[in-house]
Amino acid sequence: MAHFERKNRRPLALLLLTIVMLFGFQGLAAPVPTSSTKAPKSWRIQWQPERLVNGSPLLFEVAPPAKLTALSAKWLEHQISLSYDATRKSWFGIAGVSLETRPGNYVLELKGTTARGSEISFTRKFSVGAGKYPSVAVTVAKKFTEPSQEQLERIKQDKTVKQDVFSHTTTEREWAGKFRPPVDARISDVFGTRRTFNGKVQSMHQGLDYAVPQGTAVSAVNAGTVLLASPLYFEGNCVVLDHGQGLLTLYLHLSGLKVKAGQRVEAGEEIGVSGGTGRATGPHLHLAVRWQGVYLNPATLLSLKVP
Ligand SMILES: [Zn+2]
């Protein structure tokens with residue numbers, strides 16, 4: 001974890017110093033009753049990545065000062081549900097900062113319910129900086145920048161399918177442990193690149209591209225449930241995985257699908273085969289990360305050090 005917050009760090013250091021002075025180091029080497037069975041005296045919040053920018057996913061680990069039955073948070077107008085991890089004795093929640101978020105300070109509002117039913121809360125300010133994203137010009141088939149009436153109809157249908165898929169997500173945490181790359185390949189385009197298609201349509205690249213030839217096995221970045229496994233106009237053959245806590249991963253332009261909607265998958269399980277279907281300049285894998293309606297940088301998610 002990048003940051004460590006502890007309000008009583010100084011008194012603790014003084015206490016340790018006193019113990020050392022009274023008992024010497026040997027006294028410390030003996031099994032000293034630790035506070036591991038008790039909750040810390042103040043809220044302890046750790047987060048990744050260390051520096052927050054627009055477009056970045058975010059992992060919170062929260063140790064509250066009391067045993068809680070539930071913990072939720074409000075962050076940038078989003079509701080975050082945190083899940084308890086018994087081995088770490090802390091709560092984990094996935095969140096993010098949208099690309100549209102301006103640099104500035106934003107408040108995380110935590111609200112917990114204790115075993116006795118009372119409510120405790122805590123707020124903490126976080127600084128969000130500006131992410132640096134490149135610009136490129138891309139050439140694709142005309143049907144993707146100037147679709148016909150028939151193609152527009154197809155795009156409209158896809159929109160309904162996607163809205164339906166994105167509305168059926170679970171708040172329960174399904175992901176566990178580290179996020180792993182879906183393929184072992186070179187990155188051909190990063191997240192956030194401003195793109196000009198055929199000198200006309202402009203868009204922001206909302207995913208991470210891997211340079212893989214047609215036919216490469218693509219695997220799930222973490223455990224989850226298949227929300228969608230079917231062809232779409234722009235996306236081509238597409239798999240959407242729901243990892244819980246509002247977090248989805250999308251795998252685009254596949255030549256083949258290896259899973260079905262509703263199926264549970266484990267981290268690293270093969271979900272499809274790479275290709276160049278949909279609006280693609282050639283075979284590659286486009287990996288997208290979506291959290292509560294916001295596209296986030298997949299590279300940051302893959303770099304999180306999850307205990
Ligand atoms: Zn892409």
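In the hairpin formed by strand 4 and strand 5, leucine 76 adopts a positive phi near 50 degrees, and two residues lie between the strands. The model is predicted, so that local features require pLDDT of at least 70 and side-chain atom pairs count only at pLDDT 80 or more, while totals for chains, interfaces and linings use all residues. Residues are numbered from 1 along each chain as its sequence is written, and side-chain values use heavy atoms, with hydrogens and water left out.

Strands are DSSP runs (E, at least two residues) numbered from the N terminus, and two of them pair if DSSP finds at least two bridges between them. Strand 4 (residues 68-75) is joined to strand 5 by four bridges in the antiparallel sense, with serine 72 opposite serine 81.

An open sheet of four strands has the order 1-3-7-6 with antiparallel pairing. Strand 1 (44-48) and strand 6 (83-85) are its edges, each pairing on one side only. Within this sheet, strand 3 (residues 57-63) and strand 7 (residues 90-96) run antiparallel and share six bridges; phenylalanine 60 of the pair faces glycine 93 in strand 7.

Phe60 is also, with Trp75, Leu110 and Tyr251, among the residues touching the most other members of the largest nonpolar core, which has 53 residues. Such a core is a set of buried Ala, Val, Leu, Ile, Met, Phe, Trp, Tyr and Cys residues joined through side-chain atoms within 4.5 Å. A second, separate core of 16 residues includes Val53, Val165, Phe166 and Phe191.

Key. Buried means under 20% relative accessible area, exposed over 50%, partly exposed in between (1.4 Å probe, protein chains only).
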